[in-house]
Structures are given as structure tokens and as C-alpha cells.
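Notes follow in the order I looked things up.

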Amino acid sequence: MDQKLLLQLAAVFFATQILGLFTANFLLEQNITVQIVNEDKESIDNAIGLFAYIIGFTALLLLFTKFFKGHHLYFLLKAFETLAIFGTSLIVFSTINEVAGLVLAIALVGSRLIFRENLLLRNVSSVTSTAGAGALIGVSLGVTPIIIFMVLLAIYDYIAVFKTKHMVELAKNVTNKNLSFTFALPTKEHKFELGTGDIVIPLAFAVSVLAQTKTTLMHPFYLISPVLIILASFVGLVLTLEYISKRIGIALPALPPQTVLMLIAFFGASFFGF
């Protein structure tokens, strides 16, 4: 793999994970969660409900790309991006305090609206919003529901890329508009696009496990399982990008191999008491 590509991948991945874990720790201390379907974090209904929300949102985006074209589609997607960045970055920045959180969230959204073509700013927005979303999902779902949700999403990712191929078409509509729904990883030969889902799901899983291990293990032992999950996920991403980098133009879902490796890491750590 190109060294620049690997360094960029590592930068956005680990920046998101560290920021997300820090945010999650704050949410756990403040006992902040979001109700997905019901208040029981261990309920399987929440996993199925969240999966259904994602399928519904994807279907809505597909309808938009079908019936809206050109500037109309861009402004519609830009509106979604703006709302997503504001809401998720507010979660992250509020770890400082409420006033600073609001000011910084508005500043980030405003800068994205002004400097719309800036790739670095786009990645900063993606890192921040992904960290906020992953932290909130992780503290709101128990370990069993997050595993079920992750497996369902990995299966769907495979079908959407290789069978129906609708995710490939959707990605084309998003990536050519420089929106913060993906990370931009440019090299001399090609600009690679990495979906935020490939980073938010590992973070959410690690956070959910962290919420559990913090209640049963002492510091720093409660970090072992979440860290192993994150590292396993990164290996899955590297393997995926290594394959794609040698076959420019093809689409490959990263979540299925990530999920397999993360589950191996989690159950392996659990076997040894972590």
C-alpha cells in the first residue's frame, strides 16, 4: 500500500477513535444516552430499530438521488450534512462546556459552508461528527445489541455493494460533491474515499464494550478489550484498502472483514477475562 495512503488512513482512523473514546467517557460519566426504541440498552429491539433507521435513511437518499439532480441534489445533501455535523460535533465539543460546545459546533458548520472544497476541513468535520455519532451509539447500546446490529450491517453492506450495487451508486453521488459523509484520502494516483460507517461502527462497538468493562475491571485493564477491537478493525481496513489500491475503480465493503476481526478480538479478550 502507498505509504501516504496508509498514513492518512491511520491519522483519520485513530484520531476518530481517540476523540470518540474521550467523548464516550464523558457521556458515561454524565449518564447520557439516547433512546433508540426503548430505554433498555440490552434490548435487541434497539439493534433492530437502529438497523431499520439506517435502511430507511439510505432508501430516502436513494430516492433523492433519483428524483433530484444537479444543484437541487447538492443543496439537499448539503443540508443533511450540515445538520449531521452540527448535531454530532455538538456532542463532542460539549465535553468542554455547553457554551464552548455550541460556539465550536457553529464554527465548524460555518467553515464547511464557506470552504466547501477544502479536503482537510472536510476530513476534520468527518472525524468530529463520526466521533460524536460513534460515542453516542456506543453508550446507548449494550454489547449484545451492538454485535447484532454490527452483523446485520455487515451483511447489508455486502449485499448493497456486490448484489444490488445501490451503495456504489449512492457513493458516487456523495463523493463527487465533497461532502463529509466520507473521508478523502488522496494520493498521487487516486483519491480514495472511505465511508464514515467503516470507522463509526468499530468506535460504537468499542465504546459499548468499554461501558461494560468499566463496571467489572480496574484501570487500565478495562481498556484492553476496546483497544483490541479498535486495532482489529484497523487491520480489516488496511487489508481492504490494500486490495482496492491495487485495483483502482472497484468497490469493496470494509465492514464485513472488520466485523469478523473485531468479533475474534472481542471473544478472544473475553476468554482471557478482559
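First, a term I need throughout: buried means under 20% relative accessible area, exposed means over 50%, and partly exposed is in between (1.4 Å probe, protein chains only). I'm working from a predicted model, where local features need pLDDT of at least 70, side-chain atom pairs count only at pLDDT 80 or more, and totals for chains, interfaces and linings use all residues. Residues are numbered from 1 along each chain as its sequence is written, and side-chain values use heavy atoms, with hydrogens and water left out.

**Entry 1: a surface patch**

I started with Phe67, which is exposed because its relative accessible area is 60%. Phe67 sits in helix α2, residues 44-67; helices (H or I, at least four residues) and strands (E, at least two) are DSSP runs, numbered from the N terminus.

**Entry 2: the whole chain**

I counted 10 helices and 2 strands in the protein chain. Along the sequence I read α-α-α-α-α-α-α-β-β-α-α-α. The radius of gyration is 18 Å, close to the 19 Å that the globule rule gives for 274 residues, so the chain is as compact as a globular protein of that length. That radius is taken over C-alpha atoms, and the rule is 2.2 Å times the number of residues to the power 0.38. I have 46% of the 274 residues down as buried. The C-alpha trace spans about 55 × 45 × 35 Å along its principal axes.

**Entry 3: helix α9**

Helix α9 (residues 224-245) has 22 residues and reaches 31 Å from first C-alpha to last, close to the expected 32 Å; the expected span is 1.5 Å times one less than the number of residues. Its buried residues include Ile229, Ile230, Phe234, Leu237 and Leu241. What covers the buried residues of α9? I found α1, β1, β2, α8 and α10 among the covering elements.

**Entry 4: Ala211**

I looked at Ala211 in helix α8. Ala211 is buried, at a relative accessible area of 16%. Leaving aside neighbours within four places in sequence, Ala211 is in contact (heavy atoms within 4.5 Å) with Leu28 and Lys41.

**Entry 5: salt bridges**

I get 4 salt bridges in the structure, each a side-chain nitrogen of Lys or Arg within 4 Å of a carboxyl oxygen of Asp or Glu. Arg122 pairs with Glu193, the closest N and O atoms being 2.4 Å apart. Arg122 lies in helix α5 and Glu193 in strand β2, so the pair ties together parts that are 71 residues apart in sequence. Arg122 is buried at 0% relative accessible area, whereas Glu193 counts as partly exposed at 26%. Glu193 also meets Lys191 in a salt bridge (3.4 Å, N to O).

I then went to Lys78 and Glu81, which pair at 2.8 Å, N to O. Both lie in helix α3, 3 residues apart, about one turn, and both are buried. Arg112 joins Lys78 and Glu81 in a network of salt bridges.
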